[in-house]
Amino acid sequence: VMARTKEFNEDQALDKAIEIFWHKGYNGTSAQDLVNHLGLSRSSLYDTFGDKQKLFVKSLKRYQQQNHEILIELLENAPNIKTAFTDIFKQAVIESLQDRITKGCFMVNSSVELAMHDPEIAKIVHDNQKMVEDIFCQAIKKGQDLGQISDKQEARSLARFIFNNYSGIRVLARSGERDKQVYDDILKSIFALF
């Protein structure tokens, strides 16, 4: 007997899993939520992804990869690195202000919800921090070499500062902050250091 071919696209299913986990959190998402949202039978879901935890880990890794690709492309192709960073933050603010369901950032949310209790998630979150920090650091060094970013601060510590503030803005969004002035003040202070 030949095995039945999978009649769905795994990446599309993961994108849908990202949506539901991002919106409801890991603990708030039931197996039935996954079945309904992904449009798969429970058996297809478990045959393909294993359990809820494995599906969550795959979703988080996919989200991470997609975001890294966007950041790398944005920063590598930017004629001005400082402007590119400003754009990244402004985009985060726009998303935060338009985010009616206050979902924040999937990675940051996962960190807050699960990293303390789940070593596998903690590792993904830590690796993500390191990778984004490296992407930022490389871009900052380039910006400093081009005279677009002040070299008063060491590139690595500036990268850490930027990453921390970027995550902070996402946490603020998750808490439901809707005052644009709050975000504008934060951005003004961040970029004063550049």
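**Questions on a helical protein chain**

Of the 194 residues of the protein chain in this predicted model, 43% count as buried.

Reader: How many helices and how many strands does the protein chain have?

Author: From the N terminus on, the elements run α-α-α-α-α-α-α-α-α. The C-alpha atoms of the chain fill a box of roughly 65 × 35 × 30 Å along the principal axes. The count for the protein chain is nine helices and zero strands.

Reader: What share of the contacts with a separation of 6 or more comes from residues 24 or more positions apart?

Author: The question concerns contacts in the protein chain with a separation of 6 or more. Among these, residues 24 or more positions apart account for 69%.

Reader: Is α4 roughly parallel or roughly antiparallel to α7?

Author: Two packed helices are described by the angle between their axes and the distance between the axes. Helix α4 covers residues 52–76 and helix α7 covers residues 119–145; their axes lie 11 Å apart, at an angle of about 0°. Angles under 35 degrees count as roughly parallel. Therefore α4 and α7 are roughly parallel.

Reader: How do the residues of the contact of α4 with α7 divide into nonpolar, polar and charged?

Author: On the α4 side the contact includes Phe56, Leu60, Gln64, His68 and Leu71, and on the α7 side it includes Ile124, Asp127, Asn128, Met131 and Phe136. Divided by class, the residues of this contact are 13 nonpolar, four polar and five charged.

Reader: With which side chain does the side chain of Asn128 make a polar contact?

Author: Asn128 lies in helix α7, and its relative accessible area of 8% makes it buried, because buried means under 20%. Leaving aside neighbours within four places in sequence, Asn128 is in contact with Gln64, His68, Met107 and Phe163. The polar contact, at 2.8 Å, is with the side chain of His68.

Reader: Is α1 roughly parallel or roughly perpendicular to α4?

Author: The axes of α1 and α4 are 9 Å apart and meet at an angle of about 105°. Angles of 65 to 115 degrees count as roughly perpendicular. It follows that α1 and α4 are roughly perpendicular.

Reader: How many nonpolar, polar and charged residues does the contact of α1 with α4 have?

Author: Residues of α1 such as Leu14, Ile18, Phe21 and Trp22 take part, and they are joined by residues of α4 that include Gln53, Phe56, Arg62 and Tyr63. By class, the contact of α1 with α4 has nine nonpolar, four polar and six charged residues.

Reader: Which residues does Lys58 touch, not counting those up to four places away in sequence?

Author: Lys58 lies in helix α4, and at 38% relative accessibility it is partly exposed. Its C-alpha atom is 27 Å from that of Glu76, a residue 18 places away in sequence. With residues up to four places away left out, Lys58 touches Glu10, Leu14, Thr48 and Phe49.

Reader: What covers the buried residues of α2?

Author: Helix α2 spans residues 31–38, and its buried residues include Asp33, Leu34, Val35 and Leu38. After α2 comes Gly39, whose phi is positive, near 65°. The cover over the buried residues of α2 includes α1 (10–28), α3 (42–49) and α4.

Reader: Is His37 buried or partly exposed?

Author: His37 lies in helix α2. Its relative accessible area is 30%, and buried means under 20% whereas exposed means over 50%. His37 is therefore partly exposed.

Reader: Which side chain does a polar contact of 2.9 Å join to that of His37?

Author: Leaving aside neighbours within four places in sequence, His37 is in contact with Lys16, Glu19 and Ile20. Val171, by comparison, lies 134 residues away in sequence and 25 Å away in space, C-alpha to C-alpha. The polar contact of 2.9 Å joins the side chain of His37 to that of Glu19.

Reader: How many disulfides does a search of the whole structure find?

Author: A disulfide is a covalent bond between the sulfur atoms of two cysteines. Cys105 is buried, with a relative accessible area of 8%, and Cys137 is buried at 3%. The number of disulfides found in the whole structure is zero.

Methods:
Residues are numbered from 1 along each chain as its sequence is written. This is a predicted model: local features need pLDDT of at least 70, side-chain atom pairs count only at pLDDT 80 or more; totals for chains, interfaces and linings use all residues. Side-chain values use heavy atoms; hydrogens and water are left out. Axes are lines fitted to C-alpha atoms, for helices over the stretch in contact, and angles run from 0 to 180 degrees between N-to-C directions. Helices (H or I, at least four residues) and strands (E, at least two) are DSSP runs, numbered from the N terminus. Angles under 35 degrees count as roughly parallel, over 145 as roughly antiparallel, 65 to 115 as roughly perpendicular and the rest as oblique. Contact means heavy atoms within 4.5 Å. Ala, Val, Leu, Ile, Met, Phe, Trp, Tyr, Cys and Pro count as nonpolar, Asp, Glu, Lys and Arg as charged, and the others, Gly among them, as polar. Buried means under 20% relative accessible area, exposed over 50%, partly exposed in between (1.4 Å probe, protein chains only). A disulfide is a pair of cysteine sulfur atoms within 2.5 Å. A polar contact is a pair of N or O atoms within 3.5 Å; within protein, one must be able to donate a hydrogen and the other to accept it, and residues adjacent in sequence count only if both atoms are side-chain atoms.
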